[in-house]
Amino acid sequence: MKPLLINQIIAPMKTFLALNPFRRSLRIWPTILAAGGCLLAGSTVMAEDAPTAAANPRPTYLGDIQPIFMGSCSRCHNQETRFVYNWLDYKTAYADRWEIRRRLWDSYKGRYYKEPMPIVNSPESLALTDADREMIKTWVDQGGARGEPPAPGAAKSKAERIKLGQRLFTSICAACHQPTGRGVPNVFPPLAGSDFLNADKARAVKLVIYGRQGEVVVNGTKFNNNMPAFPLGDQDIANVLTYVYNSFGNAGLEVTPDEVKALRAQPRDTVTPTPSPAKAAAPSAFE
Ligand code: HEC
Ligand code: HEC
């Protein structure tokens, strides 16, 4: 009886792992989780409302490609990295677009000898959908147009802000923090129920404006990694953080564009975390 049972379990697993193409199907999980995340958040936005790559026949850099790069490439390719290119910069991405196409499409399909991008099995490579890859390929094939930045999401109410913010969250933040907001152990801290996030709104806003490197303790767990700064306007940052604060069991706060604007005027390191006796005694680890 026993050997048969074990065989029943192991044989299909071996087949699953041996057949490489099957593993590609794992890539649909982030999409499914994203849909689940919407439901969990109790949001009114349906999955079909999320921007889909395949829907746009003439993608442009500012409208379609840069948001993907923010989520899926920027941990390694950002304005502060010195040995790899910064794909958040149009000119850089445009100049190397054919190599971007080869790494994202040809290598991924096994038709180019250099390593596929994003690096295989990184959270980013698992989050990047086939539709995203195809859109980047189309963008390169059509000449790498710059396009216009998307109109800033001017929200008239908190509900609208949350709705607009969800789109940004899905296209940018979810690649790292995951559609569930739970993060990835040892790599990306959770936003869901994050004590760090909920304790200090101004600190969270500045973190998104400037990015953050170094040690951070979230819900008692240490992380030490790099979140890049994103080219996002005041409205976008207000919307996305309001979405995050009103999802995943967080504190329900609203962030306004005026607040973001005021904090942007401050230098990176002057925000003092909400004082607590312990923090007042020792220099803060965030600044
Ligand atoms: C986890 C880190 C990481 C992520 C995420 C990542 N890359 Fe890379 N990338 C690297 C490293 C390291 C190199 C240099 C080594 C190499 O060329 O393979 C590189 C090299 C490249 C190159 C070759 C540049 C050249 O001309 O030699 C391209 C193109 C590229 N990446 C595109 C991307 C794109 C587009 C994304 C997002 C969709 C991405 N990468 C995500 C780490 C990363
Ligand atoms: C490329 C991956 C990546 C993306 C995309 C990303 N983050 Fe992060 N984020 C991180 C990392 C890594 C840290 C921890 C940085 C450190 O170790 O100092 C972090 C930390 C945070 C924190 C503070 C810690 C916590 O868990 O509460 C907040 C808040 C946050 N990110 C919000 C966002 C928002 C909002 C977005 C989308 C606009 C976003 N992040 C996009 C990687 C990312």
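**View 1. α6 gives the most residues to the shell around ligand 1 in this predicted model.** Its share is four residues. Both α4 (61–72) and α6 (97–106) supply at least two residues of this shell. Of the 22 residues around ligand 1, those that come nearest are Cys73, Cys76, Glu99, Met117 and Pro118. Sorted by class, the shell around ligand 1 holds twelve nonpolar, seven charged and three polar residues.

**View 2. α4 passes helix α8 (residues 130–141) at roughly 135°.** The axes of α4 and α8 come within 10 Å where they cross. α4 is therefore oblique to α8. The crossing of α4 with α8 is left-handed.

**View 3. Ligand 2 is surrounded by 32 residues.** The closest to ligand 2 are Cys173, Cys176, Pro189, Asn225 and Met227. In the shell around ligand 2, 21 residues are nonpolar, nine are polar and two are charged.

**View 4. Helices and strands both supply the shell around ligand 2.** The helices α9 (158–177), α10 (195–199), α11 (201–210) and α12 (234–245) each give at least two residues. The strands β1 (212–218) and β2 (221–227) also supply at least two residues each.

**View 5. Ligand 2 lies between domain 1 (26–141) and domain 2 (159–281).** It is placed there because both domains give residues to the shell around ligand 2.

Technical notes:
Residues numbered from 1 in each chain as written. Chains lettered and ligands numbered in written order. Predicted model: local features only at pLDDT ≥ 70, side-chain atom pairs only at ≥ 80, totals over all residues. Near = placed C-beta within 6 Å. Nonpolar A, V, L, I, M, F, W, Y, C, P; charged D, E, K, R; others polar. Axes fitted to C-alpha atoms, helices over the stretch in contact; angles between N-to-C directions. Parallel < 35°, antiparallel > 145°, perpendicular 65-115°, else oblique. Left-handed = near helix turned anticlockwise from the far one by under 90°. Domains from an automatic or database assignment.
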